[in-house]
Structures are given as structure tokens and as C-alpha cells.
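Please consult the sequence and the model while reading.

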Amino acid sequence: MLGLDLSRNMLARAREMTSDSAIDYRTADLETATLPSAAFDLVYSALAFHYVADFPRLVREIHQSLAPGGALVFTIEHPIYIAAADPRWELDRQGRKTWPVNGYATEGERRTDWFAPNILKYHRMLGTTLNILLDAGFSLRRVEEFAPTDEQIAAQPTLSEERERPMMLLISALRP
Ligand SMILES: C[S@@+](CC[C@H](N)C(=O)[O-])C[C@H]1O[C@@H](n2cnc3c(N)ncnc32)[C@H](O)[C@@H]1O
């Protein structure tokens, strides 16, 4: 098994948390990383692909790295969450929390302050992300926009704002 990230700190944390000698953790930039051919049954990524500018290249690379029948499962920040020039909660005229969406069809760089200032992310429309997967030869298995259930909100009330707009997009795709 292979675990990739750009950050040595993240890899160190992953090593601590998994302590599994079967996982080979390596520093790699997903903009340029190459992967062995037909080597994996599953490629999984959590909340990293929206930092990658050349997503079509990465998806083609992952596709050729999967064995036939293999799956790509990943999460990204939802394009509705990323799109706006100044994404933050506002109140509408009724005082309801509202997340702005603007510039949706203008894809590309977005800079926000999140733990550190001026973090660079890449906005892609939902259709663009799905079409990049289809163009690379994937078939789509599942597309989910996370929204908490009533039970989840009862257990963790702060989750309720996740019903106002989607923050996470979860996608499962197959190499046929
Ligand atoms: C929000 S964190 C998610 C970390 C981890 N996957 C998790 O779910 O806890 C985003 C991660 O993407 C990594 N990342 C950002 N750009 C990258 C790139 N070009 N190549 C590889 N990793 C990258 C960062 O180093 C960071 O660890």
C-alpha cells in the first residue's frame, strides 16, 4: 500500500496514527506524481484534490494505476463551498445563515485564510469534475453531497449548518 502527501508533517502524523508497516508513506506532489500501471484495486483521497491545479492529468494517472474493476474514491470541498470570492456566512433579510455563491462558472484559483493565510485552492464546477472522470475512462458509481441527518444533528448540533449548503462532495468511480 502506498500513502502520498506533499507534507512531511502529514505523513509523520499518518505513520503515527496507522503504525502499519504494510503502508509505504512517501512525499509526493500530486501535480506531477506518477503511479505504477494497473497496480492498485483502490485509490482513496480525502480532501486533497481541490488543491491540485491539473486535475485531468492526475485523474488520468490514477486511472492507469488501477487494475480493471478498481475504484477511485475521494472527497473534495464542494464547489458551492469554494466558488465565492469571499466565502463566509452572511445573514439574509430574515436573519437566516446564508453561504454566498458567485463566480461559479469562473473556474480556477481561489485564495482563502484557513488555519494559514492565503491558502490556494482550485474551484471546478460539479459538471467539470464529473466530466474529467468520465473523459479519463471512469464510470461513476456514486456522487454524494454530505448533509447530516436529524439524528446526526441531535448528537452534534453544530452540524446543522451543513444543511444550509454542501461543504463536502464524495465521489466513487470505477475503472471498468
Ligand atoms: C485538508 S488536508 C487533508 C489531509 C488528510 N488527507 C486528511 O483527510 O486528514 C489536505 C492535504 O492535501 C495535501 N496536499 C495539498 N496539495 C498537495 C499536492 N499538490 N500534492 C500532494 N498533497 C497535497 C496537504 O499537504 C494536506 O495534507
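The sections below treat the basis of the model, the ligand site, the domains and the cavity.

## Basis of the model

The model is predicted, with local features requiring pLDDT of at least 70 and side-chain atom pairs counting only at pLDDT 80 or more, while totals for chains, interfaces and linings use all residues. Residues are numbered from 1 along each chain as its sequence is written, and side-chain values use heavy atoms, leaving out hydrogens and water.

## The ligand site

Polar contacts are pairs of N or O atoms within 3.5 Å. Asp5 places a polar side-chain atom 2.6 Å from an oxygen atom of the ligand, and Asp29 has a polar side-chain atom 2.8 Å from a ligand nitrogen atom. A polar backbone atom of Ala46 lies 2.9 Å from a nitrogen atom of the ligand. The ligand taken alone exposes 590 Å², of which the protein buries 71% (areas by the Shrake-Rupley method with a 1.4 Å probe).

## Domains

The protein is divided into domain 1 (1-30) and domain 2 (40-174), with bounds from an automatic or database domain assignment. Their centres, taken over C-alpha atoms, are 22 Å apart.

## The cavity

A cavity is a set of points on a 1 Å grid over the protein atoms alone where a 1.4 Å probe fits but cannot get out. The count is 1 cavity of 30 Å³ or more. The largest cavity has a volume of about 80 Å³, the volume being the space filled by probe spheres set on the points, which are joined across faces, edges and corners. Its lining residues (an atom within 4 Å of a point) include Phe49, His50, Glu77, His78, Tyr122 and Arg124.

Conventions: Polar contact = N/O pair within 3.5 Å; in protein donor to acceptor, adjacent residues only side chain to side chain. 1 Å grid on protein atoms, 1.4 Å probe; cavity = no way out; pocket = protein on both sides within 12 Å on 5 of 7 lines; lining within 4 Å.
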